[in-house]
Amino acid sequence: MARKKIIAGNWKMNKTPSEAVELCKELIPLVKNDDVDVVFCVPAIDIIPVIDAVKGTNIQVGAEDMSFEDKGAFTGQISAAMLVDAGVKYVILGHSERREYNHETSEEINKKVLKAFENGLTPIMCCGETLAQREQGITLDWIRQQVKVGFQNVTADQAKQAVIAYEPIWAIGTGKTATTEQAEEVCKGIRECIAEIYDDATAAAIRIQYGGSVNGGNAAELFAQADIDGGLVGGASLKADFGKIVNY
Ligand code: PEP
């Protein structure tokens with residue numbers, strides 16, 4: 001069965017709750033497309049107003065992170081149960097900005113992936129190499145390691161529902177997009193890695209996004225690749241351009 005494309009915006013630390021609602025009003029008519037899954041991943045404080053603003057549309061709401069703990073004395077954190085109760089469906093885990101600024105390890109990200117599944121959330125697990133790693137020729141080894149650790153103890157049935165976002169760090173927010181060949185090569189490598197961990201059916205079902213300076217001008221070519229099932233979009237998800245990406 002053909003995989004449905006998934007195009008997710010990562011709003012990062014942008015938009016106050018009232019600005020978020022305004023942005024939803026602007027984007028709702030632009031992102032209508034039932035052939036793809038459209039997700040707005042928004043800051044925690046915007047989740048409830050955004051869920052309210054997109055009610056009755058084709059848009060699903062995602063979080064940008066969550067705790068691997070269930071509840072308790074973890075000041076400032078948000079649990080999977082809280083997200084589910086609010087109506088969240090997806091959660092970005094292991095974004096390179098969290099790996100870098102919050103020192104998140106692949107082991108911690110694995111705990112979050114497991115907790116997301118336990119609660120019925122779909123994880124969008126990010127992986128990606130630095131420019132130095134690409135220049136050293138270790139991109140695929142590095143990504144395979146991030147995927148293997150991130151998916152430890154995840155069952156094949158769960159993995160089939162998961163989303164992996166390949167985001168070369170040097171392409172995030174820089175305006176430098178990976179070439180179509182570079183993006184496809186790594187997404188294909190991730191699918192092969194999933195086939196090794198699980199089986200061909202799991203590899204055929206899992207959705208793999210490309211992320212890194214995706215815009216209305218380059219989305220169509222990227223998403224036409226055999227192993228690229230959509231995009232994780234930062235900067236362009238805050239603008240009308242996101243409509244062009246969704247309707248590539
Ligand atoms: C991201 O942060 O997930 C991202 C892909 O950002 P941008 O599209 O701005 O490069």
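The largest pocket holds about 650 Å³ of space, a volume being the space filled by probe spheres set on grid points joined across faces, edges and corners. A pocket here is an open set of points, on a 1 Å grid over the protein atoms alone, where a 1.4 Å probe fits, with protein on both sides within 12 Å along at least five of seven lines; lining residues have an atom within 4 Å of a point. This is a predicted model, in which local features need pLDDT of at least 70 and side-chain atom pairs count only at pLDDT 80 or more, whereas totals for chains, interfaces and linings use all residues. Residues are numbered from 1 along each chain as its sequence is written, and side-chain values use heavy atoms, without hydrogens and water.

The pocket is lined by 29 residues, and Glu64, Asp65, Met66, Arg98 and Glu104 lie nearest its centre. Helix H4 (96-101) gives the most to this lining, with 3 residues; helices are DSSP runs (H or I, at least four residues) numbered from the N terminus.

Helix H5, which also supplies at least two residues of the pocket lining, spans residues 106-118, and its axis comes within 8 Å of that of helix H7 (residues 139-150), crossing at roughly 45 degrees. Axes are lines fitted to C-alpha atoms over the stretch in contact, and angles run from 0 to 180 degrees between N-to-C directions. Ser106, Glu107, Asn110 and Val113 of H5 make the contact with Gln146, Val149 and Gly150 of H7, contact meaning heavy atoms within 4.5 Å.

H7 also packs against helix H9 (residues 180-197), at an angle of about 45 degrees and with the axes 10 Å apart. H7 is therefore oblique to H9.

Definitions and conventions. Parallel < 35°, antiparallel > 145°, perpendicular 65-115°, else oblique.
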